[in-house]
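Dear colleague,

I am passing on the structure we spoke about, and below it you will find a summary of what came out of the analysis. Please read the two side by side.

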Amino acid sequence: AHLDRMSAVEPAVHAFLYTNAEEALAVAADVDTRRAAGEELHPLAGVPIAVKDVVVTRGMPTTAGSKILEGWVPPYDATIVERIRAARMPILGKTNMDEFAMGSSTEHSAYGNTHNPWDLTRIPGGSGGGSAAAVAAYEAPLAIGTDTGGSIRQPGAVTGTVGVKPTYGGVSRYGLIAMASSLDQAGPVTRTVLDAALLHEVIGGHDARDSTSIDEPLPGLVEAARKGAARDLTGLRIGVVKELSGEGYQAGVEARFHESLEMLTAMGATVVEVSCPNFDYALGAYYLIMPSEASSNLAKFDGMRFGLRVEPDEGPVTAERVMAATRGQGFGDEVKRRIILGTYALSAGYYDAYYGSAQKVRTLIQRDFDAAFEQVDVLVSPTAPTTAFPLGAKLDDPLAMYLNDIATIPANLAGVPGISVPNGLSDDGLPVGFQVLAPAKADDRLYLVGAALE
Ligand code: GLN
């Protein structure tokens, strides 16, 4: 049914870069056989899933939305893909994204735009717009995204889907094509909070192949989602982040946010305002730390090891010249912009002024979270300042594009988990997201509050 739906809507939505129909059908048939034979299977066995194209999949092309990886077929699976396969979930295909996950609209993909199913002239968010659009358009019931600064939560918000960025270290990064290693996390994109909890429990948990993986069991996520559905939040303390509202936030986004706060109060929660003064500097710190790490991570795309290789038009074919020609042609403008920015920020003489200062700001943001979580159990804000904007509207203005992540970036800098749940429609008839943030390793609280709001 999902493959049929893909055939029907893909020409308009373009959420997928690769369709894995044959293998998906074989996995589904195998699940049917096993179930008929009485075998006990995982609750998600046979439930199809779409995977963002930045996650490596054995035997399926993986491009990260870039021409530089065109034609590359990974010889191994990411840990999360191994776990998805072990649960016998059919993988429908790979979803479109901003090149190397850099962007907020999926317009930086080298393979064309993805369209928001709510209004095809608008962006589906980014960088994981393909995963969010696939779920919103009923092409897939579940999808995997990755979130370095908001790429799961912001697409979730603007497509009316649920998106979760787990605690840093809670889900293995082995087999993720790294953007900024200290910020990246993979997580679920789904239509319900319970679905997200089920999927999070499949992909999460310790992995010896990721040195930053937390060696502890996950808290009970499905249990928390079921508890939240009873809508009793008696005793829960909720902090509204003062810095994440006001100027720049659309009136309809603010209005839905305040209505949800009233609902949470009616469910027995105590809602107070909390100040996190250093959040004002989060965007600035992120756009130094992320490009610095990305410039280093992307150095491996040299025209020799993976995918595209371009030889110079004339002159000697040296390693350096092949590298320059390949990277010149293979990377898009946004990727080049960030490599240049990151290389500059890390260079001798500037390192302390830029990268060093950004790391200090990062610590101050972590301290803001620590102080806030001494007063409250969770923090809340709108997920994104506006609803989906028209395709092309911010393409020529990188700063305007970056400002979309103002509310999602602090969580990545501090490593804390966050969820975006659908929060009704703004005055323009487009979906709005409600963000919940919890202390590290307390991902269960996201599901408790998320399910209560659903
Ligand atoms: N939009 C943000 C950026 O461009 C976040 C990207 C992400 O989370 N992968 O960096």
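How many bridges join strand β5 to strand β6, and do the two strands run parallel or antiparallel? Please bear in mind throughout that this is a predicted model. Strand β5, residues 162-165, is joined to strand β6, residues 185-190, by 2 bridges, and the two run antiparallel; within this pair, valine 162 stands opposite threonine 190 of β6.

Both strands belong to an open sheet of 11 strands with mixed pairing, whose order is β1-β3-β2-β4-β6-β5-β10-β11-β9-β7-β8. Its edges are formed by β1 (16-19) and β8 (270-274), each of which pairs on one side only, and neighbouring strands are turned against each other by 25° on average, direction ignored. Helix α8, residues 251-266, packs on this sheet, where it touches β7, β8, β9, β10 and β11, and its direction makes about 50° with that of β11.

As for the chain as a whole, its secondary structure comes to 15 helices and 11 strands, and 56% of its 454 residues count as buried. The radius of gyration is 21 Å, which agrees with the value near 22 Å that a compact globule of 454 residues would have. Among contacts between residues at least 6 apart in sequence, 75% join residues at least 24 apart.

Finally, the ligand has 14 residues around it, of which Ala101, Ser104, Thr148, Gly149 and Ser151 come nearest; the shell divides into 4 nonpolar, 8 polar and 2 charged residues.

Terms used: Residues numbered from 1 in each chain as written. Predicted model: local features only at pLDDT ≥ 70, side-chain atom pairs only at ≥ 80, totals over all residues. Near = placed C-beta within 6 Å. Nonpolar A, V, L, I, M, F, W, Y, C, P; charged D, E, K, R; others polar. Helix = DSSP H or I, 4+ residues; strand = E, 2+ residues; numbered from the N terminus. Rg over C-alpha atoms; globule rule 2.2 N^0.38 Å. Buried ≥ 20, exposed ≤ 12 C-beta atoms within 10 Å, placed from the backbone. Contact = placed C-beta atoms within 7 Å. Pairing = 2+ DSSP bridges. Axes fitted to C-alpha atoms, helices over the stretch in contact; angles between N-to-C directions.
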